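Take a moment with the model below. Then follow the text from one region to the next.

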Amino acid sequence: MTTNDEAAARARAVIPGGVNSPVRAFGSVGGTPRSIVSARGATVQDIAGREYIDLVASWGPALLGHAHPEVVATVQDAATRGLSFGASTLAETELAELVIDRLDVDGIRGIDRLRLVSTGTEATMTAIRIARGATGRDVIIKFAGHYHGHSDGLLAESGSGVATLGLPGSAGVPADIAALTLVLPYNDRDAVRTAFAAHPGRIAAIITEAAGANAGVLAPEDGFNRFLVETAHANGALVIVDEVLTGFRVGAAGWWGLERAAGETWTPDLVTFGKVIGGGMPLAAIGGRTELMELLAPLGPVYQAGTLSGNPLAVAAGHATLRLADADVYARIDRASAAVSAALHDALDAEGVAHTISHAGSLFSVAFRDAPVRDYDDARAQDSWRYPPFFHAMLDAGISLPPSVFEAWFLTAAHDDDIIDRIVTALPDAARAAAAAQH
Ligand SMILES: *Cc1c(COP(=O)(O)O)cnc(C)c1O
């Protein structure tokens, strides 16, 4: 039997840091990452034969739980017909129809056209290229702590692993490219107005997470997304709403659908999807209004392509996942999220640990500070050193949390009452470990 330590050591000898995506390395929590051999429902199994209740859910995609039998069967069936054709399939059209239909809320269409790509990084990169092509402008506004993948222009003060590792950005990004990205504090309307005033006629787009969830959960304040759309449009710029994480996770029509259901009337210019849309396979997408999307090649001058774009296995997994993601699935996830976050609050309260739990739909995260978390500076101003012992106490109890305090906790439709009870039971010991943590 191989141990996790042996697997990690072998990996480090051939893979930088032993991982193919940085946060997996446990850099901010210490200890040995688990080498996973299988996953089913709400659990994952490691190479040493231990099972964990999983609150990472592949960072979101496993909406239905891992290895949902119907999704797996659909992918197996597709695989028997060929892994990749480099030509169009009807299944791609069916997925685009399904997504466009889901983004039609009470007769208001969120998007008219959809292009499939393989990763969220490609989706946001392409959305920015469309916005620049459409406006003939170069400058982009992004918000500190938001993560939009790892393309050059979007790494400045980024969330996710960049936040976990406490980096300002990335080496290897040319200064001339970084200079085209204005990084503003989230939820700060004055900062947005000031940026447009300071760069008249130069800003192509604002890119924003629909609800921030990569520096811990940072929900938009009421009306903030509408304000972004109105302000951008008043200045001849576009808004790219990044729903790579929130899309099809917080509800059937993503975060935009939740805002619409709450009475908001804005629509995005461009939307990006990833994670859940592929049901665990590499799939992502850009959606938007016809006149913007038809700027893409082969119809228009904005180039974008992909050998494996619309891959038949990924499309099969995504289509099966979205077909199964009905109102009951979202209700289960909402319930599980409410139960776990309430128990987390109670456990930390009982130990007198200062904390704030931030919510955005069914997404939540904990910050070890008393005051509310409104932007990235707030998220960073916390006792983050309380998280590693908390994380490891949970892991020892068989509960796998995201290995960073800056990530949301992901529940799935497979987190049933029994699983939730086991999470709730483990929380008091972990809260004691957080209380006893030494800076
Ligand atoms: C995960 C994520 C991305 C990047 O997606 P990848 O598939 O990892 O490239 C982009 N935007 C947001 C909001 C994300 O959460």
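Between domain 1 and domain 2, three residue pairs are in polar contact, with both residues of each pair at pLDDT 80 or more. The side of domain 1 that touches domain 2 has twelve nonpolar, two polar and three charged residues. Two salt bridges cross the interface of domain 1 and domain 2. Arg380 forms a salt bridge with Glu157. Their closest N and O atoms are 3.9 Å apart, inside the 4 Å limit for a salt bridge.

This is a predicted model. Where do domain 1 and domain 2 run in the chain? Domain 1 is assigned in pieces: 4-67, 335-357, 370-401 and 413-436. Domain 2 covers 70-324. The C-alpha centres of the two domains lie 26 Å apart. Domain 1 gives 17 residues to the contact, and domain 2 gives 26 residues. About 1700 Å² is buried between domain 1 and domain 2. Carbon and sulfur atoms give 65% of that area.

Now turn to the ligand. Which residues are around the ligand? Among them are Thr119, Gly120, Thr121, Tyr147, His148 and Gly149.

Some distances can be given atom by atom. A polar backbone atom of Gly120 is 2.8 Å from an oxygen atom of the ligand. For Thr121, a side-chain N or O atom is 2.7 Å from a ligand oxygen atom. Tyr147 places a backbone N or O atom 3.2 Å from a nitrogen atom of the ligand. Taken alone, the ligand exposes 380 Å², and the protein buries 83% of that.

Notes. Residues numbered from 1 in each chain as written. Predicted model: local features only at pLDDT ≥ 70, side-chain atom pairs only at ≥ 80, totals over all residues. Heavy atoms only, no water. Domains from an automatic or database assignment. Contact = heavy atoms within 4.5 Å. Buried area = accessible area lost by both parts, 1.4 Å probe. Salt bridge = Lys/Arg side-chain N within 4 Å of Asp/Glu carboxyl O. Polar contact = N/O pair within 3.5 Å; in protein donor to acceptor, adjacent residues only side chain to side chain. Nonpolar A, V, L, I, M, F, W, Y, C, P; charged D, E, K, R; others polar. Near = heavy atom within 4 Å. Areas by Shrake-Rupley, 256 points an atom, 1.4 Å probe, with all protein chains shown as cover.
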